[in-house]
Amino acid sequence: MTDADEELVRALHDEHAGALWAYVVSLTGDRVSAHDIVQETLLRAWRHPESLDPARGSTRAWLFTVARRLVIDDWRSARNRRESVHADVPDRAVVDESEQVLQQWVVAQALTRLSAEHRAVLRECYFAGRSVADAARTLGIPEGTVKSRTHYALMNLRLALQEMGVSR
């Protein structure tokens, strides 16, 4: 950096930095990033001294335009979309499992109202996830019997639940 360059940057800083910083703070609300943007604006002025020619317009207007564009670019950049740091840790959501527990209890109570054969078929087909053929082998009964017992077991389970006040 030559002496002339240093003098240019120092003169720009002395004359415009305060007003430029206040302008950028009003745009961003962040005093620290405002310093960075003012520095970048002055750096761009040093890199492009032809833009500061009075014949092209006001130097201050050019600096304010560059600063505004830097604020916009910073706002649009990925840096601005990162997670923000907060002093308070958000509360964890607590899952309320009481409804599910209550439903399980009601179904278990309704199952006690079924015959042992109907409970066995439901246990094999629904709770154990076996196919009709597998349930028939496990229970030692024909597949057709598994199908009919399953049908009547579900019908009786529905009735038992209705008697208990469950309406679904």
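User: Which residues touch the most other members in the largest nonpolar core, and how do I read such a core?

Analyst: Start with the general idea: in soluble globular proteins, nonpolar side chains tend to be buried together. A nonpolar core here is a set of buried Ala, Val, Leu, Ile, Met, Phe, Trp, Tyr and Cys residues joined through side-chain atoms within 4.5 Å. Buried stands for under 20% relative accessible area, exposed for over 50%, and partly exposed for what lies in between (1.4 Å probe, protein chains only). In this predicted model, the largest core has 16 residues, and L12, V24, I37, V38 and L63 touch the most other members. Helix 1, helix 2 (31-47) and helix 3 each supply at least two residues of that core. A second, separate core has nine residues, including A110, L111, A160 and L161.

User: What should I keep in mind about numbering and the model itself?

Analyst: Residues are numbered from 1 along each chain as its sequence is written, and side-chain values use heavy atoms, with hydrogens and water left out. Because the model is predicted, local features need pLDDT of at least 70 and side-chain atom pairs count only at pLDDT 80 or more, while totals for chains, interfaces and linings use all residues.

User: How do I read an aromatic pair, and how many does the structure hold?

Analyst: Rings of Phe, Tyr and Trp (its six-membered ring) pair if their centres lie within 6.5 Å; planes under 30 degrees apart count as stacked, over 60 as edge-to-face and the rest as tilted. The structure holds one such pair. Y23 and F64 form it, tilted, at 4.7 Å centre to centre and 35 degrees between the planes. Y23 sits in helix 1 (residues 3-28) and F64 in helix 3 (residues 59-76), so the pair ties together parts that are 41 residues apart in sequence. Y23 is partly exposed, at 22% relative accessibility.

User: How do I read salt bridges, and how many are there?

Analyst: A salt bridge is a side-chain nitrogen of Lys or Arg within 4 Å of a carboxyl oxygen of Asp or Glu. The structure holds four. One of them joins the side chains of E40 and R44 (3.0 Å, N to O). An α-helix has 3.6 residues a turn, so residues three or four places apart point the same way. E40 and R44 are four residues apart in helix 2, and therefore about one helical turn separates them. Both ends are partly exposed: E40 has a relative accessible area of 25%, and R44 has 33%.

User: Where does the bridge between R113 and E163 sit?

Analyst: The closest N and O atoms of R113 and E163 are 3.5 Å apart. This pair links distant parts of the chain, with R113 in the loop between helix 4 and helix 5 and E163 in helix 7, 50 residues apart. R113 is partly exposed at 48%, whereas E163 is exposed at 64%.

User: Is E124 buried or exposed?

Analyst: E124 is buried, at 9% relative accessibility. Its side chain meets that of R130 in a salt bridge (2.4 Å, N to O), and R130 is partly exposed at 35%. E124 belongs to the buried residues of helix 5 (residues 116-127), together with H118, A120, V121, L122 and C125. What covers these buried residues includes helix 4 (98-111), helix 6 and helix 7. Just after helix 5, G129 takes a positive phi of about 70 degrees.

User: What does T150 touch?

Analyst: Leaving aside neighbours within four places in sequence, T150 is in contact with V121, C125 and Y126. T150 lies in helix 7 (residues 143-163) and is buried, at 12% relative accessibility. The backbone oxygen of V146 lies 2.6 Å from a polar atom of the T150 side chain.

User: Where is A136, and which residues does A136 touch?

Analyst: A136 is in helix 6 (residues 132-139) and is buried, with a relative accessible area of 7%. Not counting residues up to four places away in sequence, A136 touches I141, P142, E143 and V146. P142 lies in the loop between helix 6 and helix 7 and is exposed, at 53% relative accessibility.

Note on methods:
Contact = heavy atoms within 4.5 Å. Polar contact = N/O pair within 3.5 Å; in protein donor to acceptor, adjacent residues only side chain to side chain.
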